[in-house]
Amino acid sequence: MLLRVIKRNFALFSRVQTVRHSNKHILTAVRAHYGTMKYLNQQEAISVDEELFNEYKFSVDQLMELAGLSCAHAIADAYSPDRSNKVLICCGPGNNGGDGLVAARHLSLMSFVPYVYYPKRTDKELFKNLQHQAESMGITVSVDCPAGEWVEAEFGLIVDALFGFSFKPPVRESFRPIMEVLQKTKLPIVSVDIPSGWDVELGPQTDCDIMPDCLISLTAPKLCAKHLVNAKHYLGGRFVPGKLEEKYAMNLPAYKGRDLFVRLS
């Protein structure tokens, strides 16, 4: 009788230990999946973009629209237009600037009043169309660098869409005036994908580099995002195919419901 009880209790103990061991492995797997989101280096970011275009047949304007739309939604989540709805959006000559032009258009439909500084124009039809679309919605698109004093008095928020992940320091001479405005401003800055002037992998390189209040990483965060200090961090660009995410071991967090962004911090 006593032997039977001992055997039964031992079997029960073994099952409990097996369940605990199994649960521990499940928890470890969950943590491994969600706790190791990859931060891409510069070459990885370039390669992911190239595969989206070549392997998955996305067009530049298609990805730009999705990226800019997600940026607008993230900005609207982080900053209420009720307090100050005027937004200065600084756009560079590349795809990052195109994201800014798209974001400006969508923000204008979300109770914000965008004003775009877009100094270096391109002859590419896509960018001409983005500018035309913005201006057709009543958005000012200017080539004149705004004075710092006017920016402080006129706006409540700045969107930095000057340079993307292809950027390598130093900043070109023609962009130094607007970079000086961004460095000296007391307004919150939202950077699109990369804080302009930062090294894509190493982050800020001088004490004069801008310190954004918010970063919206697109597709996946880049290594420089690890150098954010007391900043909001969003992930946008809800278009990454599962196979591509798996290939680069991105381990991206799940987007909630219909959201176009994930708040990372």
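Does His106 count as buried or exposed, and at what relative accessibility? Select His106 to begin the tour. At 14% relative accessibility, the residue counts as buried, because buried means under 20% relative accessible area. Keep in mind that this is a predicted model.

**The whole chain**

Zoom out and colour the chain by secondary structure. The protein chain has eight helices and eight strands. It is made of 265 residues, and 46% of them count as buried. The accessible surface comes to about 14100 Å², with 53% of it belonging to carbon and sulfur atoms. Among contacts in the chain with a separation of 6 or more, 72% are accounted for by residues 24 or more positions apart.

**Around His106**

Return to His106 and show helix 4, residues 95–107, where His106 lies. Display the side chains of His106 and Glu65, which are joined by a polar contact of 2.8 Å.

Keep Glu65 on screen and select Arg105. Arg105 and Glu65 form a salt bridge, in which the closest N and O atoms are 2.9 Å apart. Arg105 lies in helix 4 and Glu65 in helix 3 (residues 60–78), so the pair ties together parts of the chain that are 40 residues apart in sequence. Arg105 is buried, with a relative accessible area of 12%. Glu65, at 26% relative accessibility, counts as partly exposed.

**Further salt bridges**

How many salt bridges are there by this rule? The count comes to eight, including the Arg105 and Glu65 pair.

Select Glu154 and Lys86 for another. In this salt bridge the closest N and O atoms are 2.9 Å apart. The pair links distant parts of the chain, with Glu154 in helix 6 (residues 148–154) and Lys86 in strand 1, 68 residues apart. Glu154 is partly exposed, with a relative accessible area of 29%. Lys86 is also partly exposed, with a relative accessible area of 32%.

Then move to Lys222 and Asp193. They form a salt bridge whose closest N and O atoms are 2.8 Å apart. Lys222 is in the loop between strand 6 (214–218) and strand 7 (232–236), while Asp193 is in the loop between strand 5 (189–192) and strand 6; the two are 29 residues apart. Are Lys222 and Asp193 buried or exposed? Both are buried.

Hide the salt bridges and turn to the nonpolar residues. In soluble globular proteins, nonpolar side chains tend to be buried together. Select Leu88, Cys90, Ile158, Leu162, Leu182 and Met250, which have the most contacts inside the largest nonpolar core, a set of 44 residues. Which elements each supply at least two residues of this core? They are helix 2 (42–54), strand 1 (86–91), strand 2 (113–117) and helix 7 (176–184). Helix 7 gives the most, with four residues.

Centre the view on Leu182. Leaving aside neighbours within four places in sequence, Leu182 is in contact with Cys90, Ile158, Asp160, Leu162, Ile189 and Ile210.

For the last stop, select Ala72, Val102, Val159 and Ile216. These residues are included in a second, separate core of 34 residues.

Key
Residues numbered from 1 in each chain as written. Predicted model: local features only at pLDDT ≥ 70, side-chain atom pairs only at ≥ 80, totals over all residues. Heavy atoms only, no water. Buried < 20%, exposed > 50% of the residue type's maximum accessible area, 1.4 Å probe, protein only. Contact = heavy atoms within 4.5 Å. Areas by Shrake-Rupley, 256 points an atom, 1.4 Å probe, with all protein chains shown as cover. Core = buried A, V, L, I, M, F, W, Y, C linked by side-chain atoms within 4.5 Å. Polar contact = N/O pair within 3.5 Å; in protein donor to acceptor, adjacent residues only side chain to side chain. Salt bridge = Lys/Arg side-chain N within 4 Å of Asp/Glu carboxyl O.
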